[in-house]
Amino acid sequence: MTRLPLPSMTPVSLSRRVVAGALMVVMIGGSPVAAWAQAKPAAPAAASAPAPAAPVAPGKAVAPTQIGATDSKDIVPVGDLSSIPAPTLAARAWVSIDVNSGQVLAASNPDQQVEPASLTKIMTAYVVFNALDEKRITLDQQVPVSEHAWRTGGSRMFIEPRKPVTVEELLQGVIVQSGNDASVALAEAVGGSETAFAALMNQEAERLGMKGTHFMNATGLPDPQHMTTVRDLATIATHLITDHPDYFHFYKQKSFTYNKISQSNRNRLLWADPSVDGMKTGHTDSAGFCLVATALRGDRRVLTVLVGTDSESTRAEESLKILNWSFQNFDTVKLFDKAQPGLDARVWEGKVETVKLGPPAPVWIAVPRGRTADVKPVAERTDPLVAPLEKGQKVGTLRLTLDNKTLRVEPLVVQEPVERAGFFGRMVDTVKRWFN
């Protein structure tokens, strides 16, 4: 496959210039035809594929099925290519994610199974948010408090049987106060029982590709079978941010008062750094002190997951350390947006001579700071492209590489359908192909 160097560019201009660098111009019949650079043709793609996804607004992330997951086994964490190594963190396991692109910036033991403690409540909230979006419950709906919920130990919101409480209040009890009692009450409201709700949690975990995770409860209270990984926690946290933006504001709320008891959010970073707007703390004796933290600086969002530290102050300090490293040492750029929709490729035996090709959605990519000009696109596509072509039909792949290492792989799909030409048009193209 041919690697084409990109001209010098800034992060802002990369999305426009990367496309120009990926093309070569071939003169056919006196008119320029843009064609993908390639060393050899790819195998023909299937006749049809899902239509391209809707473009994403600037600053909005595209949540991957699983953070860092890919069909290409040679993709490397972009942090491996940074000249500034990741700091050493006093934690059992951790991961830093560029949320816009879904790329892993750096990690330590990301797939080691660990106890999630109250980080479990990220999935608890996600399942409740799903129920809200599906109109199965409402924010102002009153929830009965069972004796089981009332007696749940650990951190509490202090709900009481026969005392009115709404879904919205319970969500704040879960997210801000980390209330185990609130988690159980919501689980019973949505699933009928905490056991049934845990089944819903596991169903979502499977759907999102969280292969190292199994939930036994809605709270995170210790159970030998209640396990996860920091990579899986990053997956569910990223999906919550991108799938339920209307509810994400709860995570930056610094305090909540219920039953005349006011409790502060345990996430110290909400006070330490104004760019931090979430997300969730956790602690048990066996799990240690844990924190999922996320910050938005400009259009870039970074999310970190850190488990197994020895104190509240350590989890906050170490999380801020890796957040700052992630923002300071990487750029995130956007390719193939509405302003630059695709590339022209020659199509044969169609009613038109060219067709637009591109990824099915805008592509974000994270690169080490100052290395945007070194990103190289490597394209492989079906050749020749013969009509008819359907919108969304996959015809190849596009690799974005740095230092001959693959950072990202995206499908190439047809942007607009191309109908087959009539008999005369097909014969003319057949003759042209003989001389091409």
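In this predicted model, a salt bridge joins the side chains of Arg-151 and Glu-147, with 2.7 Å from N to O. Both residues belong to helix H3 (residues 147-151), where they sit four residues apart, about one turn of the helix. Arg-151 is exposed, at a relative accessible area of 57%.

A second pair can be found in helix H6 (residues 194-207), where Glu-204 and Arg-207 are three residues apart and thus separated by about one helical turn. Their closest N and O atoms are 2.7 Å apart, forming a salt bridge. Glu-204 is buried, with a relative accessible area of 11%, whereas Arg-207 is partly exposed at 48%.

Glu-419 and Lys-351 also form a salt bridge, with closest N and O atoms 2.9 Å apart. Glu-419 lies in the loop between strand E17 (405-414) and helix H10 (423-435), and Lys-351 in the loop between strands E11 (343-348) and E12 (354-358), so this pair ties together parts that are 68 residues apart in sequence. Glu-419 is exposed at 52%, and Lys-351 is exposed at 58%. Elsewhere, Arg-371, Asp-374 and Asp-403 are linked in a network of salt bridges. The count of salt bridges comes to 17.

Turning to the sheet, five strands form an open, antiparallel arrangement in the order E4-E3-E9-E8-E7. Strands E4 (103-108) and E7 (276-284) are the edges, each pairing on one side only. The twist from one strand to the next averages 10°. Helix H9 (residues 312-328) packs on this sheet, and its direction makes about 145° with that of E9. Among the buried residues of H9 are Ile-322, Leu-323 and Trp-325.

Terms used: Residues numbered from 1 in each chain as written. Predicted model: local features only at pLDDT ≥ 70, side-chain atom pairs only at ≥ 80, totals over all residues. Heavy atoms only, no water. Pairing = 2+ DSSP bridges. Helix = DSSP H or I, 4+ residues; strand = E, 2+ residues; numbered from the N terminus. Axes fitted to C-alpha atoms, helices over the stretch in contact; angles between N-to-C directions. Contact = heavy atoms within 4.5 Å. Buried < 20%, exposed > 50% of the residue type's maximum accessible area, 1.4 Å probe, protein only. Salt bridge = Lys/Arg side-chain N within 4 Å of Asp/Glu carboxyl O.
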